[in-house]
Amino acid sequence: MSEGSGEASSIDNARSSDRIDPPTPAIPIVKLADRLIESGSRYRASDIHIEPFAASLRVRFRIDGSLVDADNLPLSYHGPLVSRLKIMGGMNIVERRRPQDGQFSTTCNGRSLDVRLATLSTIHGEKIVLRLLDQCRTTRGLGELGMETSAVEIWRRLIRSPFGLVLCCGPTGSGKTTTLYASLTDMEIGDRNVTTIEDPVEYVIAGINQVRTNDQAGLTFASGLRALLRQDPDVILIGELRDQETARLAVQAALTGHFVLSSIHANDAAGAMQRLIDMGVEPFLLSSSLIGVIGQRLVRRVCTACSRAHSPNPDELELFRRYRPNATTGFRRGTGCSACSQTGYLDRVGVYEILRVTSGIRRHLLHRADAQTIRAAALAEGMTSLRSAAMHLVERGVTTIDEVVRSLGAQSAPADRVTVS
């Protein structure tokens, strides 16, 4: 792989023995489906995309947040393969027009996998996506997520509050669930009753009551939260604040002496507050209940096996200097090897900003200030922005500037130019 082409790289460049074998008279479609999942697990894929087109069937893996080509199969294998996967997931193989969801468990490469399936009808036939959830993986501690030591201490003080609402925000796939679980395992639970309501339960934690939503049984986040409040909880984790009812119940729970931890889709920590207000939560209630928000992204790590010193181009260097003007640089880039499937990246690390709701932030909330105003106030009070934290990782050679731009964008504002001490 040429330098700088990590996102467009293909697994086809890896060892030929790792390719997905197409079905032959000796390899029926059942074995093809199994080998597809085994290959995805071997490459650490979080999702497998099976996409029909006019002349072929494309298979792609999402590895470390990026889609890479795995194989192109003859289009004639599309129908049998989708039918086989539907059978495995307990889905209706006759229905091909409506979207369907399914699930099954399997053992792959010596590890237990929970596989979630979703179909969608396209002009060339049904596309199917498989989400691979490794049931053998363990929760990470806060110190393993990539937070700076100072950020870990700030976050620990927030999550050890006796009551209040703490939020984790970011787009889909930014690691919010991992942060929530790490926060739970870091708490001093002691004699407290900790209960969660999730969709789905991705990790099982000893000593914690975990509930999974079930829409068919009428158990949603809102109805589940109402039930949890009758279970004498001390700490409540809500998988996601998706609607007005759940958001209002979470705020009320925080106001009545419970510690509530949840996630919400928002671009940054200040945007999470605006999102709750847009959902219908009154600013005076939010200012009284919310004590902190952590915004996050995931960026790919430079592969240590093929890492080399790198000289950024003038545009990249100018962007870096906006956030780290006095930094001693150690730019690194992976050249691509078999360990990272020729991508130059291996695994991901979190980038975080923590917004503490101080008296000044509360005043802005009460006056219905917009997200930009709240963000500027938080930066003035010492908050490290996402881009500043990400450029600190670039300085240490953990990731690259183009990876930061891919995950966070290249936009900048004067208020963002806050360096990491």
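Mentor: Start with burial in α12. This is a predicted model. In α12, the buried residues are L386, R387, S388, A389, A390, M391, H392, L393, V394 and E395.

Trainee: How many residues of α12 are buried, and what follows from that?

Mentor: A residue counts as buried under 20% relative accessible area. For α12 the count is 10 of 10, so the helix is largely enclosed by the rest of the structure.

Trainee: What covers the buried residues of α12?

Mentor: The cover includes β12 (290-302), α9, β15 (345-356) and α13 (401-408). Just after α12, G397 takes a positive phi of about 80°.

Trainee: How do I read the packing of α9 against α12?

Mentor: Take axis distance and angle, then hand, then residues. The axes of α9 (residues 314-323) and α12 (residues 386-395) come within 9 Å and cross at roughly 120°. The crossing is left-handed. From α9, L319, F320 and Y323 meet R387, S388, M391, V394 and E395 of α12. By class, that contact has five nonpolar, one polar and two charged residues.

Trainee: Which residues do α7 and α11 use to meet?

Mentor: On α7 they are A270, G271, M273 and Q274; on α11 they are A371, I374 and R375. The residues of this contact divide into four nonpolar, two polar and one charged.

Trainee: At what angle do the axes of α7 and α11 cross?

Mentor: Roughly 140°, with the axes of α7 (residues 269-279) and α11 (residues 371-380) coming within 8 Å. Over 145 would count as roughly antiparallel. The two helices are therefore oblique to each other. Their crossing is right-handed.

Trainee: How many of the residues of α7 are buried?

Mentor: Eight of the 11, so α7 is largely enclosed by the rest of the structure. The buried ones are A269, A270, G271, A272, M273, L276, I277 and M279. Just after α7, G280 has a positive phi of about 115°.

Trainee: Now cores. Which residues have the most contacts inside the largest nonpolar core?

Mentor: Think of a core as buried nonpolar residues joined through their side chains. The largest one here has 42 residues, and I238, M273, L276 and L355 have the most contacts inside it. Helix α7 supplies the largest share of this core, seven residues. Another core, of 29 residues, lies apart from it; M147, I205, V235 and L237 are among its members.

Trainee: What does L355 contact beyond its neighbours within four places in sequence?

Mentor: A269, A270, M273, G292, V293, I361, I374, A378 and M383.

Trainee: Last, the backbone. Which residues have a positive phi although they are not glycine?

Mentor: R44 has a positive phi of about 65°. R44 sits in the loop between α1 (29-42) and β1 (47-52), and is partly exposed, with a relative accessible area of 38%. D347 has a positive phi of about 75°. D347 is in strand β15 and is partly exposed, at 32%.

Trainee: Where is the peptide bond from D199 to P200, and is it cis or trans?

Mentor: That bond is cis, with omega near -5°. P200 is in the loop between β8 (194-198) and β9 (209-212).

Terms used:
Residues are numbered from 1 along each chain as its sequence is written. This is a predicted model: local features need pLDDT of at least 70, side-chain atom pairs count only at pLDDT 80 or more; totals for chains, interfaces and linings use all residues. Side-chain values use heavy atoms; hydrogens and water are left out. Axes are lines fitted to C-alpha atoms, for helices over the stretch in contact, and angles run from 0 to 180 degrees between N-to-C directions. Helices (H or I, at least four residues) and strands (E, at least two) are DSSP runs, numbered from the N terminus. Angles under 35 degrees count as roughly parallel, over 145 as roughly antiparallel, 65 to 115 as roughly perpendicular and the rest as oblique. A crossing is left-handed if the near helix is turned anticlockwise from the far one by less than a right angle, and right-handed if clockwise. Contact means heavy atoms within 4.5 Å. Ala, Val, Leu, Ile, Met, Phe, Trp, Tyr, Cys and Pro count as nonpolar, Asp, Glu, Lys and Arg as charged, and the others, Gly among them, as polar. A nonpolar core is a set of buried Ala, Val, Leu, Ile, Met, Phe, Trp, Tyr and Cys residues joined through side-chain atoms within 4.5 Å. Buried means under 20% relative accessible area, exposed over 50%, partly exposed in between (1.4 Å probe, protein chains only).
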